[in-house]
Amino acid sequence: MSIESIIKGKVVEAISACYGHKVEEDSVQIQKTRREFEGDLTVVVFPFLRFSKKSPEETANDLGNYLQENIDAIPSFNIVKGFLNLVIDNSYWLSVLNEALKTENYGFIPLTEGAKKVMIEYSSPNTNKPLHLGHIRNNLLGYSVAQILKANGLEVIKVNLVNDRGIHICKSMLAWLRFGEGETPESTGIKGDHLVGKYYVKFDQEYKKEIEALIVGGMDADEAKKKAPLLLEAQEMLVKWEAGDEETVALWRKMNDWVLAGFEITYKTMGVDFDKVYFESDTYKKGKAIVMRGLDEGVLYKKETGSVWIDLESDGLDHKLLLRDDGTSVYMTQDIGTAYERFNEFHIDEHIYVVGNEQNYHFQVLSLVMGKLGYEWSDKIKHLSYGMVELPEGKMKSREGTVVDADELMEEMVNTARETSEELGKLSGYSKEEAEDVYYKIAMGALKYFILKVDPKKNMMFNPKDSIDFNGNTGPFIQYTYTRINSVLRKAVESGMEILELAKSDLNISEKESFLIQLMANYPNVIKDAGRDTSPALISNYIYDLSKEYNQFYHDFPMNKEENVDLRNFRFVLSKQVAEIIKSGMSLLGVSLPERM
């Protein structure tokens, strides 16, 4: 049991013993004591004044005396304006350090039978273009949240839904037929998803030319957008595809295979994976069947034009399209089918969709629609809504080709890491293969950390140069701290110093050393909070704070020069545990750490 839990329990006892009132442990507020005051933990006493009928200072004194008498680890306390600052004995913090050293996967809750089962969907790419910077945030966020939920003892299923059908796919197909002259990834040397993306951009370029020509011919702009021949032909292609036209399906399958092969390379470089991949081309069929059943049961309605809708006005929303006039599906159709298949197959307790905040309305509607169609699990649908990634130049637009390509960005990051490391001359003794592995880890650590340290709900500005800085709140700074600790421990062993597994419990350690243990001991709480909030940012910023605090400790307390063997060993094992937590926390972000930089 943590010291915080012990204190909460004793405060409850104190309120009962001193004032004759029963309170719940949740009402007891404990926080870290501010650095400018003496103490380790602070109890906020203001909520208890109504029971004590005394001043804040008198109430704090009553509680402080009770806690000091009943908890051996509290040798003293002080009061600052109604805040009860408790001093925790060094022996307690040393016992916490030793317990952490003995605990495998410190801070993690092991998976047990009957654990909550959560499915998390991320990535969800379209097969008409390569992955870009926005997809990077999605993938990194989804993968990290999955790791954090696992660390909280949940059974997690990571899934991907590939959006491999629809009008946008047909646009790329049609443009390739018209302008591609039969080129393939093999004939051009272009990665498959990049090649198909090239024709998505080409469609938009030619489509705009047709619109301009129609407007010049006297047509209204809105009508021209609907009547442009290329768009009409793409819509016709979609109808043919849903009808199973062999030639259309064969082209679709060929181009999708190009893209999927490209995606696999990108995912491997990014370091993300999935337990199962779904395809919209499969799930939309079940969605259509469910929509037609809802129509037969009167839950949905059909317009004279043939389209199928649901009325959500009673829920404060509007009417939502579920099938088009020509009977083809929309995104909502396939999401209905996908949700049905997943809940039936895995019997999950919660489904988290990692999707940008521009789709907030979509997932609100999905939950409502599934509820109205009679599915009891509709309230288990959750949307992890995250902000957009912006560049100094502004927003990205795929169809106009103004995106930061994921593959190119990751390659650029590796090149920058290589140049920076070579300038510092840190890897002179490494083979080419070993050095390239370090460059990759630094690059991906920089990219992942920079993105994940931002609260998911917030929009963010991405600047590659800032992310790879070896100072400040960056991935490389944390990686360097980890390698620094390894270097210290390695040199100690090489010089013949013995490093014991645990620290002696009766040492007189400094306030700074005590604070570092306390920060380390908070790791399990940070994992819990990050799981509750589905926010890797909590892990990121905790690991940065821990690394920053360790570097200050390292500067102030040279270990190899310490003559007191027991104190030196304590500092070695404290360093070892800090390194373990850095490695553990960064793994929750999907970041690998080099052993040397």
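**Exercise 1: the cores**

Find the residues with the most contacts inside the largest nonpolar core, which has 153 residues.

*Solution.* A word on the model comes before the steps. The model is predicted, so local features need pLDDT of at least 70 and side-chain atom pairs count only at pLDDT 80 or more, while totals for chains, interfaces and linings use all residues. Residues are numbered from 1 along each chain as its sequence is written, and side-chain values use heavy atoms, with hydrogens and water left out.

Step 1. A nonpolar core is a set of buried Ala, Val, Leu, Ile, Met, Phe, Trp, Tyr and Cys residues joined through side-chain atoms within 4.5 Å; buried means under 20% relative accessible area, exposed over 50%, and partly exposed in between (1.4 Å probe, protein chains only).

Step 2. Now look around isoleucine 7. Setting aside residues up to four places away in sequence, isoleucine 7 touches Ile30, Leu41, Val43, Leu67, Ile71, Ile74, Leu86 and Ile88, where contact means heavy atoms within 4.5 Å.

Step 3. Another core, of 33 residues, lies apart from the largest one and includes Leu295, Ile336, Met370 and Tyr375.

**Exercise 2: the open sheet**

Work out which strands stand at the edges of the sheet and what packs on it.

*Solution.* Step 1. Write down the order: five strands form an open sheet as 7-6-5-11-12, with parallel pairing. Two strands pair if DSSP finds at least two bridges between them.

Step 1. Strand 7 (276-279) and strand 12 (381-386) each have a single partner strand, so these two are the edges, and one side of each has no neighbour in the sheet. From one strand to the next the twist averages 25 degrees; axes are lines fitted to C-alpha atoms, for helices over the stretch in contact, and angles run from 0 to 180 degrees between N-to-C directions.

Step 2. Take one pairing as an example. Strand 11 (residues 350-356) joins strand 12 in the parallel sense over six bridges, and valine 354 stands opposite leucine 384 of strand 12.

Step 3. Helix 13 (residues 331-346) lies across strands 5, 6, 7, 11 and 12, at about 150 degrees to strand 6.

**Exercise 3: an enclosed helix**

Is helix 19 (residues 511-521) largely enclosed or largely open?

*Solution.* Step 1. Nine of its 11 residues are buried, so helix 19 is largely enclosed by the rest of the structure. Among the buried ones are Glu513, Ser514, Phe515 and Gln518.

Step 1. The cover over these buried residues includes strand 1 (30-32), helix 4 (90-102), helix 20 (523-533), helix 21 (536-556) and helix 22 (565-588).

Step 2. Pick a residue from helix 21: glutamate 549. Glutamate 549 is buried, with a relative accessible area of 13%. Beyond its neighbours within four places in sequence, glutamate 549 is in contact with Arg35, Lys512, Phe515, Leu516 and Leu519.

Step 3. Do likewise in helix 4, where asparagine 98 lies. Asparagine 98 is buried at 10% relative accessible area. Its C-alpha atom is separated by 9.8 Å from that of phenylalanine 570, 472 residues apart along the chain.

**Exercise 4: aromatic pairs**

Classify the ring pair of tyrosine 122 and phenylalanine 274.

*Solution.* Step 1. Rings of Phe, Tyr and Trp (its six-membered ring) pair if their centres lie within 6.5 Å; planes under 30 degrees apart count as stacked, over 60 as edge-to-face and the rest as tilted. By this rule there are 19 aromatic pairs.

Step 1. The two centres are 4.9 Å apart and the planes stand at 35 degrees, so the pair is tilted.

Step 2. Tyrosine 122 lies in the loop between strand 5 and helix 5, and phenylalanine 274 in the loop between helix 11 (246-270) and strand 7, so the pair ties together parts that are 152 residues apart in sequence. Tyrosine 122 counts as buried at 0% relative accessibility.

Step 3. For another pair, take phenylalanine 203 and tyrosine 207: with 5.8 Å centre to centre and 25 degrees between the planes, they are stacked.

Note on methods
Helix = DSSP H or I, 4+ residues; strand = E, 2+ residues; numbered from the N terminus.
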